[in-house]
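Have the model open and follow along chain by chain.

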There are 2 protein chains.
Amino acid sequence: MILANGLGVGIKETKSGLQRKPMAITNSVSRSLQTPLKFLKRNAVVYAEKIAIVDGRRQFTYGEFGERVNRLASALRFAGIEQGDRVAILCPNTAPMLEAHFGIPLAGAAVVAINTRLSSKEIAYIVNHSGARCLLVDAELAASVRPVVGELKTVQQTINVDDHAGTSPLEGLDYESFLESGSPDPVRWRIKDEEETIAVNYTSGTTGRPKGVLYTHRGAYLNALGELLETGVRPESVYLWTLPMFHCNGWCFTWGITPMGARHIGLRKVDPGEIWRMIEQHGVTHLNGAPVVMVSLLNHPGRPKHLDRELTITIAGAPPSPTLLEQLEELGATVVHVYGLTETYGPHTVCATQSGWASLPKSQQARLRARQGVAYVATDDVRVVDEQLVDVPADGQTLGEVVMQGSNVMAGYHNDPEATARAFRGGWFHSGDVAVMHPDGYIELRDRIKDVIISGGENISSIEVEQTLYRHPAVLQVAVIGVPHEKWGETPKAFVMLKTGAEATEAELIEFCREQIAHFKCPSSVEFTALPKTSTGKIQKFVLRDKEWDGHVKHVQGGKSET
Amino acid sequence: MILANGLGVGIKETKSGLQRKPMAITNSVSRSLQTPLKFLKRNAVVYAEKIAIVDGRRQFTYGEFGERVNRLASALRFAGIEQGDRVAILCPNTAPMLEAHFGIPLAGAAVVAINTRLSSKEIAYIVNHSGARCLLVDAELAASVRPVVGELKTVQQTINVDDHAGTSPLEGLDYESFLESGSPDPVRWRIKDEEETIAVNYTSGTTGRPKGVLYTHRGAYLNALGELLETGVRPESVYLWTLPMFHCNGWCFTWGITPMGARHIGLRKVDPGEIWRMIEQHGVTHLNGAPVVMVSLLNHPGRPKHLDRELTITIAGAPPSPTLLEQLEELGATVVHVYGLTETYGPHTVCATQSGWASLPKSQQARLRARQGVAYVATDDVRVVDEQLVDVPADGQTLGEVVMQGSNVMAGYHNDPEATARAFRGGWFHSGDVAVMHPDGYIELRDRIKDVIISGGENISSIEVEQTLYRHPAVLQVAVIGVPHEKWGETPKAFVMLKTGAEATEAELIEFCREQIAHFKCPSSVEFTALPKTSTGKIQKFVLRDKEWDGHVKHVQGGKSET
């Protein structure tokens, strides 16, 4: 029996239910497409008068946010953007960057948000590889694009975002004038299938060329809702943009704050003093970031001794040390520790708190909470497996690779079927991260595959050594890598930044480690130095490694790119 | 280009993204089925040691909950239940009822949860119409089934749930023994398409035979997550089952508490004194119900003057009066006012709070919050339209029918393509509810189509008259219907229950109305009487109407069944 519904989609009643005929999935009376576009469509009406975005001296209500997004989408269409096109944007965490996350998909195109710290050549590679037909550039970043303007083969239109006085924009249209060319009226969606691409996010490509990770509307929708469930964002929440929006589309929070009608607070630059001022000024309730950002907040003289309001800090990007989690707890923050990759729309696991933990000593709690945890509610599964995809024993010791499944795993790499097939081998996404599985079902990262130190045939987790050093009161930041060793092949070396005014010697730190972990895991040498970091604040071990291995040959175990 | 993924689903990269070949939707590395089964699969592991259900003297951890559900599912399969079968259950809000909501779908079948207040004949109709092959009956309700046991044509197995001493069960297997026949090990899912049926819920059928509303796994999944977002359930929440689980599967909270790992508190009977004791004893943070339940809680002598902890009350089932909302606010509860129907998995709209309301006088706030509001975040849209599906003016006055779209609209009516086509005409689900659209985009119910009183050609909303009477301090409950009138066709009549010890005369109440609303809307007569109610606590106006209209002919405007 075929039932007609109003939009002409055939549905058939079978024994197990009403089933669509095998055809593209479209909207129907009882089935709406899963897309983040829906969030703003709703709240531009429901919260028309509520402040949606505070961005420096400007602020926009949800009604205005919706109108500006409609303007952007219709202007892009007038400018010739077609369904399936890509539009790239290079912009700090400002209102236009948020608007792009809705306006570009609303025009039918996919967002390519580019890391603002990349070199001109890297930017050109990503723009060309994605095939972006339009490029939006914040005037502050014009200098990064200017040298390669002539190399951007597919770009037909450059738009300058110039809301920040005193900078020199590229040649091209001004963003606000471009918006003026569009219409504030609701734009009809072009999306017909929730599996269409909403964004292409490029990996950092430390082991090769950056790869374009494809996000779908459905994946972004579910992950956005998943973030709300895990971090407890409510309509009255205020979210500060300490996490770059170009990084996995801000872990999908670009889309994920809007459905609750909560407030976005823009931030051009991660400056700890400025962040503390904004937390106070705007009544911030939620912020996200990598451990290095949180360390800089904790060590800033302008920090409060104890928070006088609720603040939920969601932390990921690198494994936080138990010491850091303990300090954030002492500050009075609620810490949500999550873990994921560009290939999983940002977070895929969360260290879900168990009620029994509250009665344990603080340091033990922090150790439990420093684990990466269990799969998000809104996704599917995470496992730690050997090379045959067999689960490693849940003994908290055996190393294996983290593999994932679920609606927040990427659709694939753009234009790279070989890399996609490799990443998806055996029906699971291979993270390239090495972890153990604990008896309680929580995973704990031990390393990137390529960061594991193999010394005399023994696997050493560089993270384990680093976390041991973090317990030393003088240590601010540390990175441990394997360096060449004639007898053992590799041996651990620690690169350490001390806290201002603190003192420690190489011998003292090595001895500190030997008191706590197996001697073969302890660093053979310690160098006191500043640490090289990525734009998202991750320590770039490959920079340290390149220097130490110059002239040596190192066997690389893994092939995944860091994200 | 076709990419292979591990599970052999072909995906093709097109301009707008990677797209599946047109085929049934199955799990893949980057796309997992949306089904509530996932929630318990996850939390039986993640919260294995956490109390999931407190049910009288028994309690189960999430680990035990998961094992019992696996036992139920595998026992059903051993007993011959196949994919697409239906399994019916007649049971109060106990652990087995919750287990059925996961165990039956896990076996591959759909849950048919039957209203526990129905007559034997009605139960037989639903069991037969759904084609249930298995029937679970709580011993307390055996007497309702016993007279029709011989008429249940499709039922091959009856299972008695007998965890309540002193009752006399049906002949058949005991539930706990049945569980023993199953295995606690994880059961492999049979679901292959997220559009398969997870439940069939029968409408109350006041205007005809009950209709079987088909819920899908995808719809139940999204609506369950939607409930969490709207009501703010967190992992530490405690949910008391004051709302019947048979009613829209407890507005999908049967599935919706579990993903957060929150605690279910069972409740056999809605008794206000018992509810207050349980709120205190278990630290209840959330409960749901119809306005009449809330009225009975407020008027119980055992109630606290003011709550000393957070309690979120989600209210729906009939429009709550502003007076009731004000009283709940004074009690210190957080009220979430929602509205929906069996055909929308329970709630579809929510009266989202605007920050500006806080500065208004309490009574005005209550009036704003007594409106049914805007579409849920996790669904699509709600409109108020005329017969040509054109939106009525957003003037807060023009009556129209509420129509809905979205993933929480039913897939259709079981075995009733004509009723489905009628309900879905024009591509929208027709609720049969009459409402106005306010200038701020909030809908406000005025009546069921059939409850609208047409007096001398003027439409009178019975709800408007009722809410006027609720403002009178002596009134406990009221129902207004149209009664025969020689000149005007119909005229409003009020049926009133006074508060214990309170006094008011007919003339006084009529005069009270005339001071506040147009005279033609005021009741011509008032009868002081007890009010007939449905099992979910709704006032049954049709009972009053049948009595008043006996021997008269009334034109019925609408055709939808009450839920």
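In this predicted model, chain B has an open sheet of 9 strands with mixed pairing, ordered β5-β4-β14-β13-β15-β16-β17-β18-β19. β5 (58-61) and β19 (374-375) of chain B sit at the edges with a single partner strand each, so one side of each has no neighbour in the sheet.

**Packing and pairing in the chain B sheet**

- Helix α3 (residues 95-106) of chain B packs on the sheet, where it touches β4 (51-55), β5 and β14 (263-265) of chain B. The direction of α3 makes about 135° with that of β4(B).
- Helix α7 (residues 217-231) of chain B also packs on the sheet, and its contacts are β15 (286-289), β16 (312-315), β17 (334-341) and β18 of chain B. Against β17(B), the direction of α7 makes about 150°.
- B:Val350 is the residue opposite B:Val374 in β19(B).

**Strand β8 in chain A**

- Is β8 (residues 134-138) of chain A mostly covered or mostly open? Mostly covered: 5 of its 5 residues are buried.
- Side chains in a regular strand alternate between the two faces of the sheet. In β8(A), A:Cys134, A:Leu136 and A:Asp138 point one way, A:Leu135 and A:Val137 the other, and all are buried.

**Partners of β8(A)**

- Strand β6 (residues 86-90) of chain A runs parallel to β8(A), joined by 4 bridges. A:Val87 has A:Cys134 as its bridge partner in β8(A).
- Strand β9 (residues 157-161) of chain A is parallel to β8(A) too, with 5 bridges joining them. Here A:Asp138 stands opposite A:Val161 in β9(A).

Notes: Residues numbered from 1 in each chain as written. Chains lettered and ligands numbered in written order. Predicted model: local features only at pLDDT ≥ 70, side-chain atom pairs only at ≥ 80, totals over all residues. Pairing = 2+ DSSP bridges. Helix = DSSP H or I, 4+ residues; strand = E, 2+ residues; numbered from the N terminus. Contact = placed C-beta atoms within 7 Å. Axes fitted to C-alpha atoms, helices over the stretch in contact; angles between N-to-C directions. Buried ≥ 20, exposed ≤ 12 C-beta atoms within 10 Å, placed from the backbone.
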